Amino acid sequence: MHSNFRSTFTNDENDAATPAKTIPRQGVGTHDETPLPAPRVLILFAHPRFEKSRVNRALLDALPLSDALTLHDLYEIYPDYNIDVEAEKKILLAHDILIWHHPFYMYSAPAILKQWLDLVLEYGWAHGAGGDFLKDKTAFNVITTGGTREAYRRDGFNRFTIREFLCPFEQTARLCKMTYLPPFAVQGTYRLTDEELARQAADYGFLLQQLAADACSHEEMGQFTFLNDWIEDRQRIQTP
Amino acid sequence: MTEGFLFQALIYLTAAIVCVPIAKRLGMGSVLGYLFAGIVIGPYALGFIGREGQDIMHFAEFGVVMMLFLIGLELEPSHFWRMRHRILGMGSAQIIITALVVCAGMMLLNFNWKTALASSLALAMSSTAMVLQSLKEKGLGDTEAGRSSFAVLLFQDIAVIPILALLPLLAVSTGHGTGGQGRAILEGLPGWLQTAAVLGAGGSVVLAGRFVIVPFLRLMARTNLRELLTAAALLIVIGTAFLMQLVGLSPALGTFLAGVVLANSEFRHELESDIEPFKGLLLGLFFIAVGASINFNLLIDSPLQVISLVFAVIAVKTIVLLGTGRLFKLNFDQNLIFALGLSQVGEFAFVLFGFMHQLHILPDRLTDRMMAVTALSMTITPLLLFINERFILPHFGTLEAEEKEADIIDVQHPVIIAGFGDFGSTIGRFLRANGIAATILDNDSDRVDLLRKMGFKVFYGDAGRTDILKSAGADAARVLITAVADPSTNCDLVEKIQKYYPHLTIMVRTKDREDAYEMLDMGVKDVYRESLDTSIRLGVDVLVKLGYRRYAATRAGQNFLKYDEAALLRLAPHRHDEKSYIYNAREQITLQEQLLANDRDVNPTINDHAWESDLRADSEAKE
């Protein structure tokens with residue numbers, strides 16, 4: 001089922017005029033609640049070499065079926081980096097939760113995501129005087145890293161923690177008066193067995209389902225260092 | 001010494017190959033080259049060919065026949081219909097007025113009215129072969145002058161039918177011809193019956209084209225043998241020509257008719273490409289024969305008479321044509337091209353004079369003289385066109401330009417675009433959308449009118465003329481874009497600019513790789529192959545359709561463009577050395593393939609380390 005994912009994203013290139021693409025109708029979603037009237041969660045996905053990424057393919061395949069989810073594949077929509085700012089703003093306004101989903105390249109996000117931040121989050125719209133349009137929305141990062149969680153410690157190979165590296169995102173969210181949640185991180189990717197990967201992907205699906213259904217307290221989530229930990233905690237409570 | 005077919009072929013081909021490129025280099029067009037080649041090898045210069053030049057001419061007239069077939073093929077009825085006013089109006093005005101003036105002149109010179117009327121009709125004809133060829137070479141086919149010339153020529157070509165049909169009536173009183181070879185069937189019949197036969201033959205061509213030829217071609221096509229279709233195409237032309245000759249009609253007209261009938265058939269392009277090479281060669285041969293047949297003895301015996309006759313005819317035709325152009329509202333410079341272009345006496349005059357001679361309408365001496373006048377006038381008009389283009393038009397062109405000079409000089413534009421077809425106008429629109437005004441040069445007066453209405457600052461005129469460039473503000477401009485479709489025009493323009501306006505940055509549209517090399521050789525740095533970007537863009541979309549990620553496909557396209565441009569620069573110095581060019585081209589292709597393979601290689605090694613962090617064995621894990 002994974003092999004056809006790429007084409008799922010590209011077979012309807014004719015509607016490039018509508019940059020937002022809803023997620024493919026596949027994956028492990030199990031919910032059967034009545035769909036919410038408006039989309040809530042926007043996944044800004046940025047991966048310049050998605051066709052090569054086993055991990056990210058698994059994560060996207062795990063997205064639950066839901067009208068409350070929008071997957072927005074930046075490299076697919078703007079292969080020339082020419083981001084349509086007005087269209088992006090419109091999409092942002094239509095959602096409550098913003099996810100920056102990307103591989104952790106050189107301790108940061110791939111270039112197009114930075115481009116997106118620089119162009120779309122305008123002064124006077126997202127922040128600064130009159131910049132209240134994103135107020136009270138929620139944002140966080142979903143990342144995949146080659147290094148393990150241990151490698152991202154003060155005494156580890158990378159000398160700083162993931163949270164420290166993500167400071168620019170956190171502060172950007174603050175600047176735009178959004179709530180910033182801890183990241184969901186799939187780490188040590190090159191070592192992940194297929195089983196471990198499937199479990200993490202399922203966790204991601206679970207997380208999105210909870211968010212889409214508005215079934216979790218953002219405040220409570222903010223207590224954890226990683227959303228992975230919150231999920232583990234949640235599942236421990238649910239399945240004793 | 002002059003015996004044998006091979007020797008003859010050798011002489012003709014050598015003469016053509018020596019003279020035509022020289023004529024083209026001098027900017028005089030291939031027609032003049034062929035004519036000079038004919039004169040050079042003719043009986044009055046090198047003497048390689050003697051009187052048999054006449055026979056060659058009869059043979060080569062077949063080139064004209066084929067040309068008319070091709071013209072007919074290109075003339076769809078709808079196109080014909082759209083041009084009807086121009087064809088009927090300009091054509092009839094030209095023939096009738098010219099014939100009347102010439103006829104009156106000849107009657108004043110004491111010729112009898114029948115001789116005068118017949119020769120004046122023949123002299124009113126212009127040379128379709130020469131004019132269309134010249135216009136095409138100069139890229140004027142699509143201008144007002146070009147279209148008007150075509151219309152008039154077409155009318156003349158059609159008018160030959162009734163003229164040929166009516167000539168026997170003129171001859172009635174003097175008795176019938178004594179044995180015109182091809183007219184055996186009609187010999188001895190009364191004039192009105194001949195006329196009827198002629199009209200009947202025309203009708204049968206139309207019917208046969210509809211109901212016989214197309215099914216016949218379908219049958220041939222089913223054999224899947226290409227040469228059989230070529231043979232069939234030739235058979236159609238030759239068969240029609242033969243039928244026409246049988247009833248004493250012009251073969252050219254018959255094939256023209258056949259061409260028009262077949263223009264709507266599915267074999268149109270097939271026939272076109274089959275006949276085209278034969279036509280080209282035979283027309284060349286025809287012009288050579290015309291050159292060789294000029295009777296210089298006549299010229300030496302009575303030079304004043306012949307020369308004054310030639311110039312009188314050309315003058316009368318030019319003045320009438322100018323008047324016609326004026327009547328149909330041609331611009332002055334377009335009108336000049338139109339009038340001078342059509343001022344010669346055409347190849348149909350040979351046919352008509354020959355026919356009149358047979359019918360005893362013309363005496364021997366006069367026929368010879370008229371033939372000489374025709375051939376000489378055909379030699380002179382390319383020269384006139386050349387003089388017009390180089391020395392007359394520049395002055396008149398500027399008159400029009402100078403009226404506009406005032407508003408050009410107060411707004412100096414940094415960019416000049418030469419050639420405003422689809423390519424140039426896209427550049428112009430893009431620049432205008434970004435607030436950059438450009439001065440535009442174009443030599444199609446229709447387009448200029450339209451663009452002016454749309455608010456573009458357009459100069460009508462040939463960008464290759466320095467005075468036009470000057471009034472377009474080349475002194476103060478920074479960039480000049482040559483967006484003309486024709487590579488040789490671009491070449492000339494670049495040469496001029498490098499000489500007179502070295503400060504201008506030249507950006508050139510080129511047709512293909514070869515053309516781009518030419519420009520690089522000339523020292524132009526900004527060279528743009530016209531189809532490169534588009535084809536790559538299409539290729540990128542193909543990748544996407546096949547399921548590639550859009551970003552990966554876009555990068556592959558950008559890389560390909562970059563490699564291709566780099567390869568172009570690297571190969572440019574080697575292209576004169578054929579062997580090393582091929583070698584290098586192969587090497588480049590290999591290199592390009594390697595580079596591209598690297599780009600899409602799934603095995604994450606050599607490049608793009610930064611992007612592989614989620615697959616690579618990071619050293620951090622070794623702790």
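Predicted model: local features only at pLDDT ≥ 70, side-chain atom pairs only at ≥ 80, totals over all residues.

**Labels and their cut-offs**

Tutor: Let's start with Asp214(A), which sits in the loop between α8 (194–212) and α9 (218–221) of chain A. Residues are numbered from 1 along each chain as its sequence is written, and chains are lettered from A and ligands numbered from 1 in the order in which they are written.

Student: Why is Asp214(A) called partly exposed?

Tutor: Count C-beta atoms, placed from the backbone, within 10 Å: 20 or more others makes a residue buried, 12 or fewer exposed, and anything in between partly exposed. Asp214(A) has 14, so it lands in the middle class. Its phi is positive too, about 55°, although it isn't a glycine.

Student: What makes phi worth a mention for Tyr107(A)?

Tutor: Most residues other than glycine have a negative phi. Tyr107(A), in the loop between β4 and α5 of chain A, has phi near 65°. With 15 other C-beta atoms in range, Tyr107(A) is partly exposed.

Student: What makes Cys491(B) buried?

Tutor: Cys491(B) has 20 C-beta neighbours inside 10 Å, so it counts as buried. It belongs to helix α21 (residues 487–500) of chain B. Met522(B) is 31 residues along the chain from Cys491(B), with 8.7 Å between their C-alpha atoms.

Student: How do you know that the buried residues of α5(A) line one face?

Tutor: In helix α5 (residues 111–120) of chain A they are Ile112(A), Leu113(A), Trp116(A) and Val120(A). Viewed down the axis they fall within an arc of 105°, so they line one face; the arc is that of the directions from the helix axis to the C-beta atoms. Their cover includes β2 (41–45), α3 (74–77), α4 (85–93) and β4 (97–103) of chain A.

Student: Why is α2(A) described as largely enclosed?

Tutor: Six of the eight residues in helix α2 (residues 54–61) of chain A are buried, so the rest of the structure largely encloses it. Among them are Val55(A), Leu59(A) and Asp61(A).

Student: Why are α1(B) and α2(B) called oblique?

Tutor: Helix α1 (residues 5–25) and helix α2 (residues 30–41) of chain B have axes that come within 8 Å and cross at roughly 135°. Axes are lines fitted to C-alpha atoms, for helices over the stretch in contact, with angles from 0 to 180 degrees between N-to-C directions. Under 35 degrees is roughly parallel, over 145 roughly antiparallel, 65 to 115 roughly perpendicular, and the rest oblique. α1(B) and α2(B) are therefore oblique. The contact involves residues including Ile11(B) of α1(B) and Tyr34(B) of α2(B), where contact means C-beta atoms, placed from the backbone, within 7 Å.

Student: What makes a set of residues a nonpolar core?

Tutor: Its members are buried Ala, Val, Leu, Ile, Met, Phe, Trp, Tyr and Cys residues joined through C-beta atoms within 7 Å. The largest one has 131 residues, and Phe69(B), Phe286(B) and Ile288(B) touch the most other members. Helix α8 (residues 144–171) of chain B gives the most to this core, 15 residues. Apart from it lies another core of 67 residues, including Leu69(A) and Tyr548(B).

Technical notes
Helix = DSSP H or I, 4+ residues; strand = E, 2+ residues; numbered from the N terminus. Contact = placed C-beta atoms within 7 Å.
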